[in-house]
Amino acid sequence: MSDETKNENDEQARADGADAPVRFDTKIAVLLRDDLETWQRLNVTAFLVSGLGTALPELVGESYQDADGTPYLPMFRQPVLVFEGGKETVTAAHERAVRRGLPTAVFTSDLFGTGNDRANRAAVAAVGKDQLNLVGIAVHGPRNSVDKVVKGARMHG
C-alpha cells in the first residue's frame, strides 16, 4: 500500500470515528461472590453472560474472520465488566436489578450440583427470589442504572 493510500485510509478511519474511543450508553456487568473458587468464578461468568447474549441479540456484534478467511463466532459489541462482592452485596444487587426491571441472569449455589439445563431451571424455580442463594448475577442496562445495581461491589481482581 502506498503512503498516500495509507494516509487516505487513516483519514477515512478518523472521519468514520473508527479510531475514536467508543462510549456505550449501556453496560454489561457480572457480579460474583468473592468466596468462589477460581474454577467456579469462570464457570459462573460463562453461564451468566450466555444468558444476556441469547436474550439480547443486539448486544452481539458481527462474526469475526482472520486474514486467512477462517470464520469465528461473534462476541459482545461492548466490554463485560466483572465485579465481586460478599453475599450481601450480590443479594442487594439482585434486588436492585429486579426492582429496576433490568435484564438479569442468575446463578445460584444449587447449580453447582446439577448437570443440565432442565435441572438448573428446576433448582431456580424451587426457590423464591428473596431466598435464592446467589453466587453471581449478570445485568445489562443503561450505564447509570447498572452502576447503581453494582454499588458496593469492587472490580474483580
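1. Let's start with the salt bridges: this structure has seven of them. The term covers a side-chain nitrogen of Lys or Arg within 4 Å of a carboxyl oxygen of Asp or Glu. In general, side chains of opposite charge can pair when their charged atoms come close.

2. A quick word on the model: it is predicted, so local features need pLDDT of at least 70 and side-chain atom pairs count only at pLDDT 80 or more, while totals for chains, interfaces and linings use all residues. Numbering runs from 1 along each chain as its sequence is written, and side-chain values use heavy atoms, with hydrogens and water left out.

3. Have a look at D147 and K27, whose closest N and O atoms sit 2.3 Å apart in a salt bridge. This pair ties together distant parts of the chain, 120 residues apart: D147 is in helix α5 (residues 143-149) and K27 in strand β1 (residues 26-33). Helices (H or I, at least four residues) and strands (E, at least two) are DSSP runs, numbered from the N terminus. K27 is buried at 9% relative accessibility, whereas D147 is partly exposed at 36%. Buried means under 20% relative accessible area, exposed over 50%, and partly exposed in between (1.4 Å probe, protein chains only).

4. Next, R41 pairs with E84, with 2.8 Å between the closest N and O atoms. R41 lies in helix α2 (residues 38-55) and E84 in strand β4 (residues 80-85), 43 residues apart. Both are buried. They also belong to a salt-bridge network with D34 and R154.

5. Finally, R99 and E95 form a salt bridge at 2.9 Å. They are four residues apart in helix α3 (residues 87-100), about one helical turn. R99 is exposed at 53%; E95 is partly exposed at 37%.
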